[in-house]
Amino acid sequence: MNLPFDLFTPLLLAALGALFSERAGLLNIALEGQMLGGAFTAILVQQLTGNLALTVLAVTSFGALSSLVLAWGTLKLKADPFIAALGLNLLVPALTGWVSFLLFGNLGVIRLATNVAPRWEGIPVTFLLALALAGLAHFVLFHTSWGLRLRSAGASEHLMASRSLGTRGIKTAALVISGVLGAVGGAVLALNLGAWVQGVSAGKGWIALVALYLGLRKPLPLLLAVALLAWTEQLSGALQAIPELPGGLLLGLPSLITVVVFVITSAAGRPHRKSARVTSR
Amino acid sequence: MNLPRAHANPLIGLSSTLLALAVSLLATVVLLVVFGSHPLSALMSFFVGPFSSPLAWGNTLNQSSLLVLTGLAASVAFGAGAFNLGGEGQVYLGGLAALAAALFLPPVWGALGILAALVSGMVAGAGLGAVSGALKARWQADELITTFLLSASVVPVVDSLITSPLFGAAGSFLITSRKIPQEFWLPGLLAPSNLHWGALLALPLAVIFGVLVNSTPWGYRLRLLGRNRAFAQYTGLSMASYSLLPLGLSGALHGLAGALGVLGTQHALVQGFSSGWGWNGIAVALIARTNPWAVVPAALLFTFLDQASRMVVLQGQFPFQLSALFQAAILFFITAQIVRRRS
């Protein structure tokens with residue numbers, strides 16, 4: 001059976017992004033928009049320059065910039081992190097449509113002439129890099145003092161304040177990491193496909209949030225969670241090839257399975273979203 | 001949670017909201033001037049367009065009546081401290097339920113049939129919202145995620161049902177269901193605009209919810225829940241029913257909006273007809289600082305700006321969905337504390 005690399009890698013990257021933001025106490029709901037923006041930036045820059053290094057640079061910058069905007073809104077202007085992120089999620093599809101229209105005169109599909117996703121022994125390099133990143137995330141979060149500070153900022157703002165430690169810097173850094181990972185995840189998604197299609201992220205930013213909780217908010221169980229969700233999505237894709245089954249029901253299937261999985265993990269009493277909602281004043 | 005709410009000093013709350021609106025409007029106008037092909041006439045159609053004819057007036061009023069409903073829906077949930085991000089699916093499913101009622105009930109039922117169709121829309125929306133409430137009450141599944149994902153799984157199902165033999169029109173290539181029998185149409189007002197008598201429902205509903213939330217013990221408990229969940233629990237509030245109720249009510253209002261769209265405006269279920277209503281309802285509820293009384297002016301203002309941007313785009317003076325940009329800016333700035341409290 002064909003391994004679902006193409007779904008696994010973007011989802012894992014985005015879920016790692018969700019992990020950093022959630023652990024810092026500022027769950028990043030904007031991942032959906034950032035994946036979409038990353039996908040668009042990747043195809044756009046690749047199409048215009050044909051230079052993969054430039055593409056990576058552009059995608060990373062987009063992720064970081066969009067996160068900085070979000071951090072400015074939520075940490076400086078004290079906007080509600082979820083509402084501001086919803087704003088970002090609405091903004092990105094509008095902007096991609098606009099830029100695509102300005103440059104190519106249409107809102108539709110941009111197709112790359114050549115497939116640029118590099119492979120090693122038949123395995124996508126991005127897959128290996130994403131696995132390595134999961135290991136790195138585990139090391140940084142649980143075996144460095146910076147990781148401890150990040151988790152403390154998420155667990156108890158009061159504790160940090162009582163030690164005269166600010167949390168704004170570390171939360172901004174976590175959001176930037178999150179945005180970059182989300183954007184790169186979207187870029188991998190689009191580059192694997194070799195094309196930009198409107199709405200290509202199709203809810204993967206949200207599924208990444210579910211993977212985060214299913215993965216018990218730890219990088220290594222996260223791998224299993226992402227594998228499970230990627231596999232169910234592939235399954236529903238495979239089922240669509242069977243003409244006897246109703247197509248619409250199957251399109252709804254990944255979201256539905258994700259809800260069920262999410263409810264099961266909630267019922268099993270995994271730690272809950274620690275983000276801003278608890279700090280009601 | 002950091003949602004805007006009635007501030008001790010109402011002037012600070014209001015000025016903060018107005019400033020957020022002004023910033024968003026300014027951003028939109030700047031874009032219009034910089035990127036529009038004819039800045040002056042674009043600005044003209046932006047500010048004057050929605051008032052230019054009874055047609056434009058009627059459409060603006062009709063659209064804002066629907067936004068009053070989805071705005072009330074969002075504010076009921078927000079007021080109780082719950083995020084309902086599933087408005088899109090709840091509206092759509094409500095539209096489908098109303099369509100089913102109108103297609104399969106005998107047309108001789110007349111007004112009673114219209115009522116039945118509206119109620120089925122409400123029940124369908126309420127059901128979808130209540131599922132998330134129940135999942136939260138029973139298994140602590142966060143409604144922020146379940147409402148969104150349930151809605152996301154419902155939308156493609158409705159999409160495909162519309163064109164299925166059950167609802168679709170044979171031999172039509174449009175992505176729409178059959179027309180409903182004329183007996184179920186809500187009578188029009190102010191022709192040729194698409195305003196209809198059903199739109200008038202929005203006003204009494206806003207009053208009812210305003211009284212319910214602001215002036216009854218039940219509403220007080222709901223607001224208590226929104227302010228401080230732990231404290232509400234200590235006072236002995238049943239967490240189960242107070243998780244179910246706000247999301248169920250919110251879903252019912254969304255469903256009603258969908259049903260009105262089908263019976264009053266489209267007279268069929270057009271694929272994606274309600275796209276954006278749920279998100280815009282959230283924006284309206286936040287502009288109203290989750291107060292039902294303020295939802296009506298907020299919806300009117302929002303619709304005016306939305307229609308204005310659409311008009312500019314429609315006349316080819318701006319190449320993309322300006323209204324989406326404006327909505328994004330509103331959501332981004334509306335909860336920000338641009339006006340500092342003096343402390």
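Helices here are DSSP runs of H or I with at least four residues, numbered from the N terminus. This is a predicted model, in which local features need pLDDT of at least 70, side-chain atom pairs count only at pLDDT 80 or more, and totals for chains, interfaces and linings use all residues. Residues are numbered from 1 along each chain as its sequence is written, chains are lettered from A and ligands numbered from 1 in the order in which they are written, and side-chain values use heavy atoms, leaving out hydrogens and water.

View 1. Setting aside neighbours within four places in sequence, A:Lys171 is in contact (heavy atoms within 4.5 Å) with A:Ala24, A:Gly25, A:Leu75, A:Ala153 and A:Glu157.

**View 2. The buried residues of helix 6 of chain A.** One of those partners, A:Ala153, belongs to helix 6 (residues 145-155), where A:Gly147, A:Leu150, A:Ser152 and A:Gly154 are buried as well. The buried residues of this helix pack against helix 1 (5-23), helix 5 (125-143), helix 7 (157-162) and helix 8 (168-193) of chain A.

**View 3. Helix 3 and helix 10 of chain B pass each other.** The axes of helix 3 (residues 54-79) and helix 10 of chain B come within 7 Å and cross at roughly 170 degrees; axes are lines fitted to C-alpha atoms over the stretch in contact, and angles run from 0 to 180 degrees between N-to-C directions. The two helices are therefore roughly antiparallel to each other, a term for angles over 145 degrees. Among the residues that meet are B:Leu66, B:Leu69 and B:Ala73 in helix 3, and B:Leu249, B:Leu253 and B:Leu260 in helix 10. By class, the contact of helix 3 with helix 10 of chain B has 13 nonpolar, six polar and no charged residues.

View 4. Most residues other than glycine have a negative phi.

Conventions: Buried means under 20% relative accessible area, exposed over 50%, partly exposed in between (1.4 Å probe, protein chains only). Angles under 35 degrees count as roughly parallel, over 145 as roughly antiparallel, 65 to 115 as roughly perpendicular and the rest as oblique. A crossing is left-handed if the near helix is turned anticlockwise from the far one by less than a right angle, and right-handed if clockwise. Ala, Val, Leu, Ile, Met, Phe, Trp, Tyr, Cys and Pro count as nonpolar, Asp, Glu, Lys and Arg as charged, and the others, Gly among them, as polar.
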